[in-house]
Amino acid sequence: MIRSMTVVACLALSACAVPIVVPLPGPTIPDPEPIEAPLSAKERFVTSVAANGCSLTSANTDVVMADAVLSREDLARVMTELRAEGRGEIDGEAFRVTSGVCA
């Protein structure tokens, strides 16, 4: 009987000697901010023209092209598309944006 109690005691003590690993809470990593989709050439043009008085004239063409990062070919394509969509019109010697904040 003493022998069996000695075996049980040894087993109980050996079970207590096994280290128990408890994970500690680590630093929380914030969620990354969502990445905004880049604006299309058309939206960059509309935004730039709106910031320059809602009209594209010979006086502000270079400023709008630089601000919107557009070439002359892009500029012609964008103005054609805006006219076809009803979002722009030719007003004398200027191109007026007629949508968004310029409506």
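Biologist: Let's start with contacts in the protein that have a separation of 6 or more: what percentage of them comes from residues 24 or more positions apart?

Modeller: Happy to start there, and please keep in mind that this is a predicted model. I looked at the contacts whose separation is 6 or more and took the part made by residues 24 or more positions apart. That part comes to 47%.

Biologist: In which order do the helices and strands follow one another along the sequence?

Modeller: The protein has four helices and three strands. Reading along the sequence gives the pattern α-α-β-α-α-β-β.

Biologist: What percentage of the residues in the protein is buried?

Modeller: A residue counts as buried when its relative accessible area is under 20%. The protein has 103 residues, and the buried share of them is 23%.

Biologist: How far apart are the end C-alpha atoms of helix α4, and what span should its residues give?

Modeller: Helix α4 runs over residues 72–85, which makes 14 residues. The expected span is 1.5 Å times one less than the number of residues.

Biologist: Why do the buried residues of α3 line one face of the helix?

Modeller: The buried residues of α3 are T61, V64, M65 and A68. Seen down the axis of α3, they line one face because they fall within an arc of 100°. On the other side of α3, the exposed residues are D62 and A66.

Biologist: Which residues form an aromatic pair, and how many residues apart in sequence are the parts it ties together?

Modeller: The count comes to one aromatic pair. F45 and F95 form it, and the pair is tilted, with 6.1 Å centre to centre and 55° between the planes. F45 lies in helix α2 and F95 in strand β3, so the pair ties together parts whose separation in sequence is 50 residues.

Biologist: Are F45 and F95 buried or exposed?

Modeller: The cut-off for buried is under 20% relative accessible area. F45 has 0% relative accessibility, and F95 has a relative accessible area of 5%. Both values put F45 and F95 in the class buried.

Biologist: Which side chain joins that of S48 in a polar contact?

Modeller: S48 lies in helix α2 and is buried, with a relative accessible area of 1%. Its side chain reaches the backbone oxygen of V64 at 3.4 Å. Not counting residues up to four places away in sequence, S48 touches V63, V64, D67 and A68. The side chain joined to that of S48, by a polar contact of 3.1 Å, belongs to D67.

Biologist: Is S55 buried or exposed, and which residues is it in contact with?

Modeller: S55 lies in strand β1. Its relative accessibility is 18%, so S55 counts as buried. Leaving aside neighbours within four places in sequence, the contacts of S55 are V49, N60, A94, F95 and R96.

Biologist: What distance separates the C-alpha atoms of G53 and C102?

Modeller: G53 lies in the loop between α2 and β1, and at 58% relative accessibility G53 counts as exposed. Along the chain, G53 and C102 are 49 residues apart. Their C-alpha atoms are separated by 8.3 Å.

Notes: Residues are numbered from 1 along each chain as its sequence is written. This is a predicted model: local features need pLDDT of at least 70, side-chain atom pairs count only at pLDDT 80 or more; totals for chains, interfaces and linings use all residues. Side-chain values use heavy atoms; hydrogens and water are left out. Helices (H or I, at least four residues) and strands (E, at least two) are DSSP runs, numbered from the N terminus. Rings of Phe, Tyr and Trp (its six-membered ring) pair if their centres lie within 6.5 Å; planes under 30 degrees apart count as stacked, over 60 as edge-to-face and the rest as tilted. Buried means under 20% relative accessible area, exposed over 50%, partly exposed in between (1.4 Å probe, protein chains only). Contact means heavy atoms within 4.5 Å. The arc is that of the directions from the helix axis to the C-beta atoms. A polar contact is a pair of N or O atoms within 3.5 Å; within protein, one must be able to donate a hydrogen and the other to accept it, and residues adjacent in sequence count only if both atoms are side-chain atoms.
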